[in-house]
Amino acid sequence: MRPKNAATVMIIRRDAKKPRVLMGKRHGGHSFMPDRWVFPGGRIDRADYRAPFATDLRADVGGLFDRYLPAGRGRALALAAVRETWEEAGLLLAQPGQAKASGPWKDFVGQGFLADLDAMDVIARAITPPAVGKRFDTWFLTADAERLTSLERQPDCGELEEIDWVDFDDAMSLPLPAVTRMMIKEAVERVKDPSRPKLFLRYKDKGMRPVSL
């Protein structure tokens, strides 16, 4: 099965002694990773290719996407991560702005905000193993919580059962997908060394083979 394009974002909050990352618990009724704690994210929607934005990707981030993906798909992935953060966690990674939008972006843009893509960086890319029934080619992004319009979840909004700001040590004790656990470890290492190469996790017949993007 060909992996579906997806993106997720680790939004990191640095206003306490230890950095904390935004995580949410998936509903137990989900067929994919039920009851697991994850970062907000999901598949690209066709609307993400034409969604308006306040700021574009930084040149280095856009260039990295363009080395691996068709033109425009990297921006659509980043927009998907912003949209999913709104839909799953009720938080806006955005700046004030006015535009017209339809479909899944209508309510987002209707609040007077547009996606802030300049806030995002790439931390890793991971492709689900061939043996798994649902396969994803997922780009893991990071953003600073200061780029959110508010730290408070909007009422009656968000698909995740619970959301919380969790420090990296506490996050490791939660029920996590294996790749999420790996990304938390990678985020810790990148705090120590921001120049650390970005991971590309690929699975072959003999197991996972991490390389650098």
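This is a predicted model: local features need pLDDT of at least 70, side-chain atom pairs count only at pLDDT 80 or more; totals for chains, interfaces and linings use all residues.
Residues are numbered from 1 along each chain as its sequence is written, and side-chain values use heavy atoms, with hydrogens and water left out.

Now to the strands around that pairing. Strand β1, residues 4–13, and strand β2, residues 20–25, run antiparallel and are joined by two bridges, and a hairpin of six residues leads from β1 to β2. Strand β2 also runs antiparallel to strand β10, residues 162–167, with six bridges between them, and here Val21 stands opposite Val166. Strand β3, residues 37–38, pairs with β2 as well, again in the antiparallel sense and over two bridges, with Gly24 and Val38 as bridge partners.

Let me turn to β8 and β9. These two strands run antiparallel and are joined by six bridges, and one of the pairings sets Ala124 against Phe140 in β9. For burial, I call a residue buried under 20% relative accessible area, exposed over 50%, and partly exposed in between, using a 1.4 Å probe and protein chains only. On that scale β8 is mostly covered, with seven of its seven residues buried.

Which elements give two or more residues to the lining of the second largest pocket? Rolling a probe the size of a water molecule over the atoms shows where empty space is left. On a 1 Å grid over the protein atoms alone, a pocket is an open set of points with protein on both sides within 12 Å along at least five of seven lines, whereas a cavity is a set where a 1.4 Å probe fits but cannot get out, and lining residues have an atom within 4 Å of a point. The second largest pocket holds about 320 Å³ of space, and the elements in question are β8 (121–127), β9 (136–144) and α5 (178–192). Its lining has 16 residues, and Ile12, Arg14, Asp121, Thr142 and Arg190 are the ones nearest its centre. By class, that lining has nine nonpolar, one polar and six charged residues, where Ala, Val, Leu, Ile, Met, Phe, Trp, Tyr, Cys and Pro count as nonpolar, Asp, Glu, Lys and Arg as charged, and the others, Gly among them, as polar.

Is Lys198 buried or exposed? Lys198 counts as buried, because its relative accessible area is 19%. Its side chain makes a polar contact, at 3.4 Å, with the side chain of Asp121, and a polar atom of that Lys198 side chain also lies 2.8 Å from the backbone oxygen of Val122. A polar contact here is a pair of N or O atoms within 3.5 Å, where within protein one must be able to donate a hydrogen and the other to accept it, and residues adjacent in sequence count only if both atoms are side-chain atoms.

My last topic is the aromatic rings. Rings of Phe, Tyr and Trp (its six-membered ring) pair if their centres lie within 6.5 Å, and planes under 30 degrees apart count as stacked, over 60 as edge-to-face and the rest as tilted. The structure holds five such pairs. One of them, Phe65 with Trp139, is tilted, at 4.8 Å centre to centre and 55° between the planes, and this pair links distant parts of the chain, with Phe65 in helix α1 and Trp139 in strand β9, 74 residues apart. Phe65 is buried at 1% relative accessible area, and Trp139 is buried at 0%. Tyr68 and Phe200 form an edge-to-face pair, at 6.2 Å centre to centre and 75° between the planes. Tyr68 lies in helix α1 and Phe200 in strand β11, residues 199–204, so this pair ties together parts that are 132 residues apart in sequence. Tyr68 is partly exposed at 33%, whereas Phe200 is buried at 7%. Ring pairs link Phe65, Tyr68, Trp139 and Phe200 into a cluster.

Notes
Grid points are joined across faces, edges and corners, and a volume is the space filled by probe spheres set on the points. Helices (H or I, at least four residues) and strands (E, at least two) are DSSP runs, numbered from the N terminus. Two strands pair if DSSP finds at least two bridges between them.
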